[in-house]
Amino acid sequence: MRNEQSAIIVRGLTKRFAPGLLPALDAVDIDVPAGSIHGVLGLSGAGKSTLLRCVARLETPDSGEIIVAGSDWTHLSAAALRRERGKMGIVFQHLHLLSSRTVAANIALPLEINGMPRTAVAQRVTELLEWFGIADKAKEYPARLSGGQQQRVALARALATNPRVLLADEPTSALDPETRASVLNTLRSIREQFGVTILIITHDMHSAAAICDTLTVLDAGRVAESGPACELLEHPSTEITRRLLAHTGWPQSSSPPRPLSRQTHFEEIGQP
Amino acid sequence: MSNLFELGPSFFEATLQTLEMVSVAVFFCVIFGLLLGSWLAVTSPQGIAPARGVHQVLAAFANISRSIPFLILIVLLLPFTRFLVGTSIGTAAAIVPLVIGGTPYAARLVEAALLDVDPGLIQAMITLGISPAEAVWKVYLPESIPGLIRAFTVLAITMINFSAMAGAVGGGGLGDLAIRYGYQRFRLDVLALCCVVLILLVQLIQFAGNHLARNFDRR
């Protein structure tokens with residue numbers, strides 16, 4: 001029965017950064033079934049980052065609900081939220097490892113914060129280091145590692161508390177094709193090994209197509225369309241999805257893509 | 001120049017007094033500065049737990065004592081100094097205004113060093129469920145050790161400067177010697193020698209600070 005539950009539910013999520021401005025998110029609904037990999041796609045400025053920040057509760061939404069592994073994260077007190085945070089691991093685009101801590105100590109940090117006894121922490125860290133194939137780097141500082149190794153450290157840290165949900169922010173952007181493939185493989189095996197539900201936020205249609213079970217396409221803060229990845233990719237029903245597909249050269253069955261409007265082009269180069 | 005030797009013992013003594021004043025004052029300034037500076041950083045708008053009111057009160061406190069010229073601060077603090085150490089003359093008495101004058105300065109330096117930590121990193125730590133106190137201890141302070149060492153180097157050098165002023169109003173040390181023997185008794189050689197020792201001291205501290213900061217940098 002557990003697998004049929006939703007790991008993340010977003011209902012009517014609205015976020016406006018200033019009164020009078022267009023909302024960054026406008027009544028967004030997303031439902032991520034437990035054990036699946038869900039992708040949130042969109043061009044820059046579509047609201048992907050705001051969505052991530054709201055789901056991670058770095059922002060408080062104006063209205064709507066965020067339910068993570070069965071508990072309502074929208075109305076928690078700061079202290080209660082801190083205790084809940086072990087249920088969600090996040091890998092940030094810029095990884096954000098602590099330069100002052102060794103690899104092992106970085107992975108241990110969320111466990112320390114959760115008050116796990118020292119010996120249990122050491123054991124869990126060893127497990128993770130071995131699973132991610134970085135046991136020989138345990139005593140190194142992150143700055144001495146390659147980009148791929150650093151990302152594995154970030155993944156290990158995100159999964160340390162055995163979260164129910166893993167959020168990945170642009171995990172494959174700024175990677176060469178080979179590393180990208182290896183990261184996608186790692187994410188797939190993570191789902192198997194850790195039994196975790198994965199929400200990927202990306203503009204990289206290729207990666208989304210390769211790994212996601214279901215997709216949500218965001219456009220100007222609204223859900224443009226949403227559904228199983230294969231359906232969405234084969235029969236995109238909205239202009240924005242066709243455009244996203246066109247960018248990646250995905251084979252098209254429907255009408256040819258329109259050229260980008262100036263507005264969109266500007267947004268893209270304006271927000272790297 | 002040969003007359004310098006007759007000043008030998010007192011010159012040596014003055015150097016020791018300066019070192020004593022500076023090291024004890026820096027020690028306390030670092031402790032109080034870390035406490036006050038961490039509070040300032042955590043509660044600042046860019047901090048992990050912004051608290052406008054608290055931040056403004058702390059900032060006002062830091063600014064008021066920094067805006068009073070040090071020489072005047074020494075005089076203002078005379079009754080307090082007498083209450084604390086029993087006398088207002090001597091090296092121990094000079095340490096009181098040095099600590100009180102130096103702490104807000106140290107706090108501002110600490111605040112700036114801590115806020116140099118990438119805000120994105122702090123947000124990542126929030127998603128790990130870190131509390132503000134834990135963030136100071138496990139993230140802000142360790143991540144900014146090189147910056148803190150550089151800040152305390154600047155602090156120590158400023159303290160040498162301040163100690164000369166404190167010396168001139170009865171605290172002893174190189175500043176005292178330079179004024180009383182060098183200036184008031186027209187002993188240019190004493191004045192020059194005091195300056196040379198102070199310059200060497202500052203160079204040494206700066207060199208040591210740079211070296212330490214580089215050693216602790218893991219980035």
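Predicted model: local features only at pLDDT ≥ 70, side-chain atom pairs only at ≥ 80, totals over all residues.
Residues are numbered from 1 along each chain as its sequence is written, while chains are lettered from A and ligands numbered from 1 in the order in which they are written.

Of the 272 residues in chain A, 42% are buried. A residue counts as buried if 20 or more other C-beta atoms lie within 10 Å of its own, exposed if 12 or fewer, and partly exposed in between, with C-beta atoms placed from the backbone. Take the contacts in chain A between residues at least 6 apart in sequence: 65% of them join residues at least 24 apart. Two residues are in contact if their C-beta atoms, placed from the backbone, lie within 7 Å.

Chain A has an open sheet of six strands, in the order E6-E7-E8-E3-E9-E10, with mixed pairing. Two strands pair if DSSP finds at least two bridges between them. At the edges sit strand E6 (88-91) and strand E10 (222-228) of chain A, each pairing on one side only. From one strand to the next, the twist averages 15°, where axes are lines fitted to C-alpha atoms, for helices over the stretch in contact, and angles run from 0 to 180 degrees between N-to-C directions.

Strand E3 (residues 37-41) of chain A runs parallel to E8(A), with five bridges joining them, and Val40(A) stands opposite Ile201(A). Strand E7 (residues 165-169) of chain A is also parallel to E8(A) and joined to it by five bridges, with Val165(A) opposite Thr197(A). Together, E7(A), helix H6 (residues 177-194) of chain A and E8(A) form a right-handed β-α-β unit; right-handed here says that, with the strands pointing away from the viewer, the path from the first strand over the helix to the second runs clockwise. Further along the sheet, strand E9 (residues 214-219) of chain A and E10(A) run antiparallel and share six bridges, and Leu218(A) has Val223(A) in E10(A) as its bridge partner.

Chain B has 10 helices and zero strands. Its C-alpha trace spans about 70 × 40 × 25 Å along its principal axes, and 46% of its 219 residues are buried. Why is H8(B) largely enclosed by the rest of the structure? Of the 27 residues in H8(B), 20 are buried, so the helix is largely enclosed. Just after H8(B), Gly172(B) takes a positive phi of about 80°.

Finally, the two chains meet: 18 residues of chain B are in contact with 19 residues of chain A. On the side of chain B that touches chain A, helix H6 (119-127) and helix H7 (132-143) of chain B each supply at least two residues. H6(B) gives the largest share, six residues.

Key
Helix = DSSP H or I, 4+ residues; strand = E, 2+ residues; numbered from the N terminus.
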